[in-house]
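Hi everyone, thanks for coming. Today I'd like to talk about charged side-chain pairs, so let's bring the structure up.

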Amino acid sequence: GLLGTRSMPLTTDLQRIRTALDRDRAWSAYAIGDLDPQNLRNCSWHAPPAEPDALVLLYRGFEPPILFAIGEQHLLSPVFAEIGAATVSLQLLPEAADALRPAYTATDIRPMWRMTVSATAFRPAAADDITALDLSHTPAVAALFADGHEGGDAPPFYRPSMLAGGSFRGIWEGEDLVAVAGT
């Protein structure tokens, strides 16, 4: 390309971003969540003009920032060199890992399982013992996650302020919070 041009320029076209993410909703679930106005301010979306299937997100709401990508390896590699973040937490499909070089060296690789259910296959579970969590439950969630830190099972991308959104649920055994789920 020409000196000073970006191979995958910034985009704010939310329809284009949504269309690219919708091509693989299971893989893109977290990035779709980042389209929420509260998260969007932390996002830098990169998309090549002529390649609607490729998209890179740098989400700066955590430290290190999260780098999410979808698309062909040859389209991703140039943008990784343009990101400008020394260290990132990756969310990449295994086939895209080679695109990181030479900009990044992957370390501490951990697979992530994505679970999905279709609208036709969904069956509601009994919710009798499930409690909606809010900011008042911050100490209980912190205690549960502290226990998970010892075994390496604590969630890497959690902030107590997320409890204010109303999407977290918990299961209690007596006074102990034993399970948490949320978005």
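Let me start with Asp22, which is partly exposed at a relative accessible area of 33%. For the cut-offs, buried means under 20% relative accessible area, exposed means over 50%, and partly exposed is in between, with a 1.4 Å probe and protein chains only.

A word on where this comes from: it is a predicted model, where local features need pLDDT of at least 70, side-chain atom pairs count only at pLDDT 80 or more, and totals for chains, interfaces and linings use all residues. Residues are numbered from 1 along each chain as its sequence is written, and side-chain values use heavy atoms, leaving out hydrogens and water.

So, how many salt bridges does a search of the whole structure find? It finds three, where a salt bridge is a side-chain nitrogen of Lys or Arg within 4 Å of a carboxyl oxygen of Asp or Glu.

Asp22 pairs with Arg25, at 2.5 Å from N to O. Arg25 is partly exposed too, at 47%.

Next, Arg23 and Asp53 meet at 2.7 Å, N to O. Arg23 sits in the loop between helix 1 (14-22) and helix 2 (25-33), and Asp53 in the loop between strand 2 (43-46) and strand 3 (55-59), so this pair ties together parts 30 residues apart in sequence. Helices (H or I, at least four residues) and strands (E, at least two) are DSSP runs, numbered from the N terminus. Both partners are partly exposed, Arg23 at 45% and Asp53 at 41%.

Finally, Arg101 bridges to Asp98, with the closest N and O atoms 3.1 Å apart. Here Arg101 counts as exposed at 52%, while Asp98 is partly exposed at 41%.
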